[in-house]
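Keep the structure open as you go.

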Amino acid sequence: SSVLPAAPATLEQALGKLLARDPADRYVHATAAARALEACATAAAVPDVRGIRRWLPAGAVVVLAVLVMVVARRGERADSSALANAAAERPAGVGEPAWRAYQRGREQEARATFEGYQSAIEFYRQAETLDQNFASAAAGIARAYTNFGYLSFPGGPTIREAQDSATQASSRAMAHDPSDPDVLFAAAAVAYRFYYDRAGALALQRKAVAKRPNDAMLRAILGDLLLLAGKPDSGLREVEAAVRLDSSSAAMRAQQAWYLYMLRRYDDAIRAAERGLVLDPSNAELHEYTGWALTHSGRASEAIPYLQRASKLSGGRLMTRASLGYAFGRMGATDSARAILRFLEQEVASQHASPVLLAWVQMGLGDTAAALTSFELGWEQRSALLNFLDLNRAWVPLHGAPRFEALRRKVGLSTESAPR
């Protein structure tokens with residue numbers, strides 16, 4: 001380093017990663033940053049910036065690591081607190097090793113990325129192996145697979161594999177403890193995302209919230225299900241309560257931004273996302289929902305950088321890629337939109353993506369006939385995205401088309417619930 005010529009390369013690399021301009025190039029968690037700095041503690045010679053040679057004890061680097069943890073912990077809490085705060089105490093009968101594995105799974109799941117969900121499943125499986133009656137571990141597996149099946153990632157499980165694995169894990173969890181809030185949460189997600197049982201999911205989520213009313217994530221998801229049930233005002237109250245319960249959570253701001261986008265309150269959605277990005281600039285969902293809201297505010301060109309960053313930060317989430325293709329189409333960049341469409345067609349062919357993602361890009365290109373065909377293929381796959389036929393602004397031009405209305409009836413959406 002020109003500033004610290006005697007600094008060890010490992011320290012220079014760690015500091016470079018800490019100060020990276022792009023959040024995707026930084027450490028995922030503050031603890032990872034602290035461990036990297038702690039590993040540099042054996043290098044004792046660190047000159048100051050004025051060129052005056054100083055010798056710092058190895059412990060000073062550890063102190064620096066602790067300071068980094070304290071400062072960066074705010075961002076880490078923004079990632080993980082919403083999911084982890086509900087399970088702070090080890091349940092009676094669960095061994096310490098299984099509990100540690102489970103907690104690691106919660107931390108990884110909170111990242112909401114491809115790698116995070118993969119690691120979460122590994123830790124949850126480890127916890128379930130250590131304690132075969134650990135209901136929350138099985139519920140964690142179900143949640144992670146549900147997200148794989150809903151969000152879609154290249155190289156991840158196929159849609160059908162994710163659906164089957166989530167269903168099986170949820171069934172195991174319910175068999176162990178059908179009253180546990182985590183178990184009810186996972187069962188609700190499986191019910192509505194893969195089986196279109198929104199009424200059943202709402203009942204399960206209400207039970208979960210009744211058991212744990214101060215859990216921000218449970219309240220936020222209850223809000224989503226109330227929106228799907230045609231009760232947007234009640235749902236918004238739950239989402240706002242979730243934000244109050246965990247005001248330092250970027251994840252809760254992301255839930256709020258998503259909800260406001262679905263209500264077509266685009267300026268409010270952007271402001272909610274901006275507040276979340278102050279807490280955690282590496283949260284992929286906040287970038288994505290900002291992009292969605294900008295696109296439908298007639299500012300598609302401004303949306304592109306947000307969606308591109310969201311794709312990178314999430315580990316290549318295919319839903320994000322589809323929304324990027326839609327934005328390109330809306331702004332007239334048809335070559336870029338069609339390139340994304342071709343990529344998604346390959347992922348659909350390999351069963352890693354829902355055909356509904358093709359419809360998203362096709363709507364951006366104005367190809368409504370192709371979009372309707374893709375929606376119908378999504379029905380055959382039981383795509384979770386069909387729950388949002390009435391809510392996603394991108395699909396409004398299809399409302400009233402006979403094929404679209406027939407699909408709505410198959411999914412169980414009432415005539416009254418469609419916004420016009």
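Predicted model: local features only at pLDDT ≥ 70, side-chain atom pairs only at ≥ 80, totals over all residues.

**Exercise 1.** Classify the aromatic pair formed by Tyr196 and Trp379.

Solution. 
- Apply the cut-off: planes under 30 degrees apart count as stacked.

**Exercise 2.** Locate Tyr196 and Trp379 in the chain, then decide whether Tyr196 is buried or exposed.

Solution. 
- Tyr196 sits in the loop between helix H8 (181-195) and helix H9 (198-211).
- Trp379 belongs to helix H19 (residues 368-380).
- Tyr196 has 11% relative accessibility, so it counts as buried.
- Trp379, at 28% relative accessible area, is partly exposed.

**Exercise 3.** What type of pair do Phe375 and Phe404 form?

Solution. 
- Their ring centres are 6.0 Å apart, with planes at 75 degrees.
- An angle over 60 degrees counts as edge-to-face, so that is the type here.
- Phe375 lies in helix H19 and Phe404 in helix H20 (residues 402-411), so the pair ties together parts 29 residues apart in sequence.
- Both Phe375 and Phe404 are buried.
- Ring pairs also place Phe375 and Phe404 in a cluster with Tyr261, Tyr266, Tyr289, Trp292, Trp360 and Trp395.

**Exercise 4.** Which residue has its charged end over the ring of Tyr150?

Solution. 
- The residue is Arg193.
- Its charged end is 4.0 Å from the centre of the Tyr150 ring.

Technical notes: Residues numbered from 1 in each chain as written. Heavy atoms only, no water. Phe/Tyr/Trp six-rings, centres within 6.5 Å; stacked < 30°, edge-to-face > 60°. Helix = DSSP H or I, 4+ residues; strand = E, 2+ residues; numbered from the N terminus. Buried < 20%, exposed > 50% of the residue type's maximum accessible area, 1.4 Å probe, protein only. Lys NZ or Arg CZ within 6 Å of the ring centre and 35° of its normal.
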